Amino acid sequence: MKNDEPIQQAAEIIKRGGIVAFPTETVYGLGADAFNPLAVARIFEVKRRPYFDPLIVHVASPADVKKLVKGIPSNAIKLIKSFWPGPLTVVLLKGEDFPDIVTAGLPTVAIRMPSHPMALSLIKESNCPIAAPSANPFGYLSPTTADHVREQLDDQVDLILDGGPCPIGVESTIISFLEERPRLLRPGGVSLEEIESIIGKVEISPIENDIPSAPGMLPKHYAPRTPIVLDWDKKNLDLLEDKKIGFLAFQEPKRYLKFHSIEVLSKQGDIREAAANLFAAIRRLDAMDLDLILAEPISEIGLGRAIMDRLRRASTKEEINL
Ligand code: TXA
Ligand code: MG
């Protein structure tokens, strides 16, 4: 029973209109009662998130979705059956009395049922759907440990539930069901291949496509302070001899080049392990006062698509000729 105490306490805070950081299988979220507009407003303030960027609503059971939306298309039902609880978010037409602040005034709402036991208990104990973005200041990397949240938001949130490192490490996959064909708005913890194996071809929103229905897909998102470069050629590394450079490697490099610091996402090149380590590795490099981080591109298969998406959004758009 003792172990449930922090969850009980967190649920009391949510019920009273407070905000709580909590672990999910993807990243840590910063949650409030989705039906309490003032509590939700505090999330936007703490994150310095623009009000045009809607939040994901977290539920504890697929049955909870019905009360929040106008209807659930059959393809959405298939995906929910296949991937919930888990890292999949569905965007559906929202129900009549759903607070506008959560959805940024859009006619739609994004919903997911996380699989992390602490997240599920928190939602159940709070007895309400929980609106939660990732628990990071707007535009910065998502937190995958409670320490990441403490470092950036500690005194601004009412409680941080510590559930250890997030096992998946990249955010949920977001699929919208507003058009005839489902659309992938953000690649994430469930791969495109897995989704298409259940419902067939989906449309894909390219990264540059800053469509108003998904403002959080801003190209320059997840950015650390240090410039990350994804598009580089090792022939040109000599040009950077006087610079402090970090290397974000996907797997153990065959030959170590002269870097100030190296982070290996997965020694064996395991894509799941790499995703789980991604944000923490970038954070560590970002804390080293480097001039530049070079990242090793990986193939966009399975979780590789979500990893490359986050790296592209984190990477610098300035011309650095490498
Ligand atoms: O894994 C996750 O999804 C994590 C954990 C905490 O659940 N949450 C997360 O939330 O990544 P956030 O706020 O960092 O990203 C949510 C994304 C934003 O890009 C937002 O624009 C999009 O979901 N979104 C939310 N509601 C939407 C809607 N109605 N239509 C389109 N996009 C929406
Ligand atoms: Mg986020």
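In this predicted model, Glu263 has a relative accessible area of 14% and is therefore buried, since the limit for that class is under 20%. Glu263 forms a salt bridge with Arg284, and the closest N and O atoms are 2.9 Å apart. The pair joins distant parts of the chain: Glu263 belongs to strand E13 (residues 261–264) and Arg284 to helix H8 (residues 271–286), 21 residues apart. Arg284, at 43% relative accessibility, counts as partly exposed.

Side chains of opposite charge can pair when their charged atoms come close. The structure has 19 salt bridges. One of them connects Asp53 with Arg49, with 3.3 Å between the closest N and O atoms. Asp53 is buried at 3% relative accessibility, and Arg49 is buried at 11%. Another salt bridge, between Arg312 and Glu300, has an N to O distance of 2.5 Å. Here Arg312 is partly exposed, at 32%, and Glu300 is partly exposed as well, at 31%.

Phe35 is partly exposed at 38%, whereas Phe98 is buried at 5%. By contrast, the rings of Phe44 and Tyr51 are stacked, because their planes stand at 20 degrees with centres 4.8 Å apart. Finally, Trp232, Phe247 and Phe259 form one aromatic cluster.

Conventions
Residues are numbered from 1 along each chain as its sequence is written. Chains are lettered from A and ligands numbered from 1 in the order in which they are written. This is a predicted model: local features need pLDDT of at least 70, side-chain atom pairs count only at pLDDT 80 or more; totals for chains, interfaces and linings use all residues. Side-chain values use heavy atoms; hydrogens and water are left out. Buried means under 20% relative accessible area, exposed over 50%, partly exposed in between (1.4 Å probe, protein chains only). Rings of Phe, Tyr and Trp (its six-membered ring) pair if their centres lie within 6.5 Å; planes under 30 degrees apart count as stacked, over 60 as edge-to-face and the rest as tilted. A salt bridge is a side-chain nitrogen of Lys or Arg within 4 Å of a carboxyl oxygen of Asp or Glu. Helices (H or I, at least four residues) and strands (E, at least two) are DSSP runs, numbered from the N terminus.
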